[in-house]
Amino acid sequence: MKKGISILTVFILVVFVFTACGQNNNPPGNSNSTENASGTPASSNSGAGEKHLIVAVDPDYESFDPGLAYEVYAHMVLHSCYNNLFEFNEKLENLELAAAEAYEVSADGLSYTFHMRKDIIFSSGNKLNAADVKWSIERSINLKGNGAFMAEDIVSIDTPDEYTVIFRLGNPDPSFPTKLTYNIFCIIDSKVAIEHGATNAANAASTDTAKTWFDSNSAGSGPYCLASYTPKVEVVLTKNSNYWGKEPYYDKITIKTIPDSSTQVMMLQKGDIDIAINVDAEQAKTLANIPEISVKDAQSLTMSFLLMNRDPAVGGPVANPKVQKAIRLALDYVGIQTIAGPGMTTPLAPFPVGLYGSLPARDISNYQDIEAAKALMAEAGYANGFTTDFYVPTTTVSGVELLMMAQKIQNDLKVIGINTNIIPEDVLVSLETYRTGQQSLGLWYWNPDYPDNNSQLAFLPGQKVGLRANWTADMYPELAALADKAAIETDVTERAKIFSTIQNMMAEESAFTCLLQHTSPYAVRASLKGADYISQYTFDFKNISE
Amino acid sequence: MTWRLMKNNTLFSIGVVICLLWLIISILAPFIVPYDPLEQNLMIRFSKPSAEHWCGADSLGRDIFSRVLVGSRISIGAGIITIIFAALVGMIYGGVAGYAGGRVDEIMMRGSELVQSFPTIILAMIICAALGPSLFNALIAMVIVWWPNYARVMRSMVIQVKTNEYIEASKSLGASNLRIFFKEIIPNSVGSIIVLATVDFGNAVLLFAGLSYLGLGSPPPTPEWGAMVSDGANYFTYWWIATFPGLGILTMSMGANFIGDGMRDFLDPKLRKEL
């Protein structure tokens, strides 16, 4: 009898475990999803000659309307469906013309003239011309979506002939070409869009009714077309037969919604998917030994840094520039990178490695110099050290827990006599005192609004982030002057030169110490070629092949 | 009483032994730890339990064994302080309510029920979050959520005691209310409060561990058991980071509960006959 009960128990357990696993495999969905799941081949290329790429992602998107979407993974989808005037080719350093074949900038930097390519046709068969560019961008501006701020400098858009577009800006903005890569500047087939209720009128925000259509259709000239979008299940892209460029390798791309990273990893191991976008550092370690899978580091533009307040009323002893220099020298950057995980770098100044104009990362192997730091402390009059508050938001940046990093920094600073009281605060609470410049010492992170070093000029004295450290322009006038110069310099080589000077100056004298430029791992089937991460698009699907 | 109980109740004896052990450890911790609990050594981060590091090392290469030992001081201290202050507040509040009776009693008890109507941990979290995370604020939050129990017990004891004849006698001798309250009522009702406090100690340790797990205890790098478990939860493959502080929480609250159960059995008149 007893035996019978135990066998029964085991049986129930086994059944339970199996049903639990089964539920995990299915996307969180409904009856529709089972149909979709069985329709997709288990292995990528088992379909009848149809090449099929399957990607798993923990999605952030809710719309694929180019004028409204602002999410990271939405841009991945939109970049495959639409063309922009500019695009990044494989690297953020390679900003190239896409839908235009030439452009000129006026001497005052206020007007950009684009000469469009004449061979582009939309997936509908319509020709892409200057009117479409004007219409699409005006629509994005008037929809007033989250990304519309990137177009706020545009005063007018003119189309003198069918293949010429002239933008007039209110202020000179050398980062304008970079901004043009964003999805709000995607070129839409205006004829098709208007048929589905889209409008570029000034009151588009209330009269445009095309969002629902754009959510599961596309009207672009990119290598793929949006075939379907089932929220919480998948996005399907199919090859655009009218594509004007080099034919992409895959016929069909499915982007599956798999919020759980361990499920993504499991599916990749089983061969159900080709790319797992969201992998955590611990899982990456276990995948590293599997020959069929290659784990890569996605170099993000997110940086974490130490803010050292320059206002003696707020920072106390920390406000002394010599102390700040000592802090920079006292930190064990090698150890910080070890804690954060593989693939991280430490930029010289708050200009992320990989952007045009950024210098290579700091050589951290022997940068730490405790003796020099102690000497600086003595020079500043704090040979016996001091105690200060250290504000840390309780959050995780690309998998790195800031509180963990703060404890390492606390440990390093103790060596030169600086005792820190860590004050953990909820991000939303801490942001308040950070933004108003009330933190003596703070551990923070930054992600550029757009991948151009102009967005990093905020860290210079007198600028937005600089002022959060109460670092005013008169504290370092030479550097502050360079910020103004860099912001409007349109000559590419001259710009790079200014940025290089700025970074060299800030590497030694600054209210900020860069700690890390973050990376996060992703995993792909080892036989995939060109599955390289690029932070603007995540992946550029047209480059991926076998 | 303790001896008679220990002779007849094994669980109670186990509880006493565990709690005594932790008490001794917490007193001696700074002298017996093999390593500085705050010392970081990145060379040994995530190292497994070994002869040098009995419980392994955490993500910053700190010795977990030393941290668990030192952490016991905070847990025991937090438990004791919470119970003492909650009992004091509760005794006075409940005593006044019970002694005054009538409308005052009604109003005061509705006040304590208001606090009790929230789930303990949620209310403590809200208070902690509002005051900002620190050890002191966590203790305040715990006292605030903990006293109503004592107030209720105290009130019922006082209502029972105040009908006794010796109270009537004091009254007729002209003793003031204050004198009767402190000289007669409190001493005669305090017994059950002490029992409740013993039973409660384990729960207080658990609640504190819960708050510190959520990052609402003292800020890092203080070695708090709850915070250490939460740290370990981020590194699931390195089981030892969360396991050993977890065992600390488990044994201490279990020991305290054994003692509490033993005492309740002892004081329960029905079970008492069997002893």
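The model is predicted.

**Stop 1: chain B, whole chain**

Step along the sequence and the pattern reads α-α-α-α-α-α-α-α-α-α-α.

Now switch to the C-alpha trace of chain B. Along its principal axes, the trace spans about 75 × 45 × 30 Å.

Next, colour chain B by burial. How many residues does the chain have, and what share of them is buried? Chain B has 275 residues, and 42% of them are buried.

Then turn to contacts within chain B. Take those with a separation of 6 or more: 69% of them come from residues 24 or more positions apart.

**Stop 2: the sheet in chain A**

Move to chain A and select β4, β5, β6 and β7. These 4 strands make an open sheet, with antiparallel pairing. In what order do the strands lie? Across the sheet of chain A, the order is β4-β5-β7-β6.

Select residues 100–105 of chain A for β4 and 154–158 of chain A for β6. These are the edge strands, and each pairs on one side only. On average, neighbouring strands of the sheet are turned by 15 degrees against each other, direction ignored.

**Stop 3: β5 and β7**

Zoom in on residues 111–116 of chain A, strand β5, and residues 164–169 of chain A, strand β7. The two run antiparallel, joined by 5 bridges.

Finish on A:His115. Which residue stands opposite A:His115 in β7(A)? Select A:Thr164: that is the residue opposite A:His115.

Conventions
Residues numbered from 1 in each chain as written. Chains lettered and ligands numbered in written order. Predicted model: local features only at pLDDT ≥ 70, side-chain atom pairs only at ≥ 80, totals over all residues. Buried ≥ 20, exposed ≤ 12 C-beta atoms within 10 Å, placed from the backbone. Contact = placed C-beta atoms within 7 Å. Pairing = 2+ DSSP bridges. Axes fitted to C-alpha atoms, helices over the stretch in contact; angles between N-to-C directions.
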